[in-house]
Amino acid sequence: MKILVCISHVPDTTSKINFVENDTQFDTNGVSFIINPNDEFGLTRAMWFKEKQGASVDVINVGDATTEPTLRKCLAIGADNAIRVNATPTDSFFVASQIAEVAKSGNYDLIIAGRESIDYNGGVVQGILAELLGANFVNTCVGLEVEGTTATAIREIDGGKETLKTSLPLVIGGQKGLVEESDLRIPNMRGIMMARKKPLNVVEPTGNETHTTAGSFSKPEPKGSVTLVDASNIDQLVDLLHKEAKVI
Amino acid sequence: MSVLLYAETENGIFKKAAFEVASYAKGVADALGTNVVAVSVNANDASELGKYGVQKVLNISNESLNSFKAKTYTTIITEAAKQENSDVVILSSSANSKYISGLLAGQLKAAIASNVVKLPVSTSPLTVERTAFTNKAFQQTVLNTDIKIISVSSNAYGIIENEVTAEVVDFSVSPADDSIEITNIDKATDKVSIADAEVVVSGGRGLKGPENWNLIEDLADVLGAATACSKPVSDMGWRPHDEHVGQTGKPVASNLYIAIGISGAIQHLAGINASKVKVVINTDPEAPFFKAADYGVVGDAFEVVPELIEKLKAFKASNA
């Protein structure tokens, strides 16, 4: 089984969110970047396929050279090869179409993306990719088993989950549940040393079609301070929720 | 020209999200000077959408489509958009609509903006404002293709009545070659889901153990709320994983979010900050949640929550 894991290179959750150049660019100054959490669950699940079922695991990112440390981290965790499409990820369609080009020539059986990235939260790259490839697609995937060319996937739905049976080639939008937080791997020294020798192939983009143009950013109004209610005066809380907040 | 929306049903009944998306679609159609058309599957009373400004509903009646199947439903929306010559397609942020959104964008070769929180800021070119960085910022996005898709954030625009008479038209499409088979659906039918809930009551480590969850459940009962929990609580197995809300769990965009014994780690706040009013109950006045909350009670959950349940019951009784 050949697996491709799509990796978004995103600011750490605790990053300060600021913008520069007239609020048109995210300010990366002092920001540390990580593997997108939803993708990391998928990468770890891919490692299990590698170790238990002999799968090969490639990782891909569409981005400039600054994303390479994130791809190296994936190699240190255990991916076999990394591919970087050398382009600015301008919109979801562009990213999906670039991954689709690589996926077509690589004949992957399973493509694992995250349900969304924690920076732009679009959540559509995986669906567009599946459509471009004509592959089966399961979103918000919280469990996946593959036997031969048959896949059993568990999808999170509003208020529960459903089990789906489908076949490869398959694209999933993965999330926590594929593996648990405690299953995530921290690269060890041996992994880091080995990652230096593993291939990180840089490929040029195919075409430049985009569907959207990004405009300026803004930030929400600062929130007012909390209204504290004394624990001995819960009547006041009920009153505030009713009359002021109007939510009960 | 038309604005098309996908109006979700469950067991023949429109979901709340369908009315919100219909209200939003009406706003977009007014700005563009065009009509609102909805597409729905097995709606018992499709004309109900007229209340929110929908002039025409293409309703499919086909029992084999009772279970949601992404590929088939995507094809239904694509065919409806072609038939109605739609320029804009509006989707909700439900799990099923998010499943469809990427497929539809691929199929229609359409520009898409997710998590849109208000009516377009400009109609020519169509420019929307969406959330980014997990609700810590907004970004304007220009949609450049002929057909455009807008996915609306839950509970951001609200439901707005705009009564017209909706013409209901039977619609059918040949089913897509869907090679995904549903083998099991595991869904609590007696509980409000976190996605649909107006109020969410959420518990953290401060509750000391799963045996104390009756506090959360009793409070949720009084409020008609969904129950949720913090990540440590689901990691320790006190509560099922599908109750975990936060960045890697479920997102919450309710009207009221009550956090009990949750300190408010940044990953937790990222998942719930789309909620409109946040209440925190915690013994530690230094807990970060107090900075994110609108109302706070510094106190012991085991004393404050039973008291709150009693006061809410009394409030409900006097306002019934």
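## Interface of chains A and B

Between chain B and chain A of this predicted model, the buried area (accessible area lost on putting the two parts together, 1.4 Å probe, summed over both) is about 6700 Å², with 58% of it from carbon and sulfur atoms. On the chain B side, B:Tyr99, B:Phe133 and B:Tyr295 lose the most area to chain A, together 12% of what that side buries. Contact (heavy atoms within 4.5 Å) involves 69 residues of chain A and 82 residues of chain B.

Five salt bridges (side-chain nitrogen of Lys or Arg within 4 Å of a carboxyl oxygen of Asp or Glu) cross the interface. One pairs B:Lys231 with A:Glu181, at 3.5 Å from N to O. Helix α3 (residues 95-108) of chain B supplies ten residues, the largest share of the chain B side that touches chain A.

## Helix α8 of chain B

Buried residues (under 20% relative accessible area, 1.4 Å probe, protein chains only) include B:Val304, B:Leu308 and B:Phe315. Seen down the axis, the buried residues fall within an arc of 135°, so they line one face of α8(B). Their cover includes α6 (234-244) of chain A and α4 (214-223) of chain B. On the other side, B:Glu303, B:Ala317 and B:Ser318 are exposed (over 50%).

## Basis

Residues are numbered from 1 along each chain as its sequence is written, and chains are lettered from A in the order in which they are written. Local features need pLDDT of at least 70, side-chain atom pairs count only at pLDDT 80 or more, and totals for chains, interfaces and linings use all residues, while side-chain values use heavy atoms, without hydrogens and water.

Conventions: Helices (H or I, at least four residues) and strands (E, at least two) are DSSP runs, numbered from the N terminus. The arc is that of the directions from the helix axis to the C-beta atoms.
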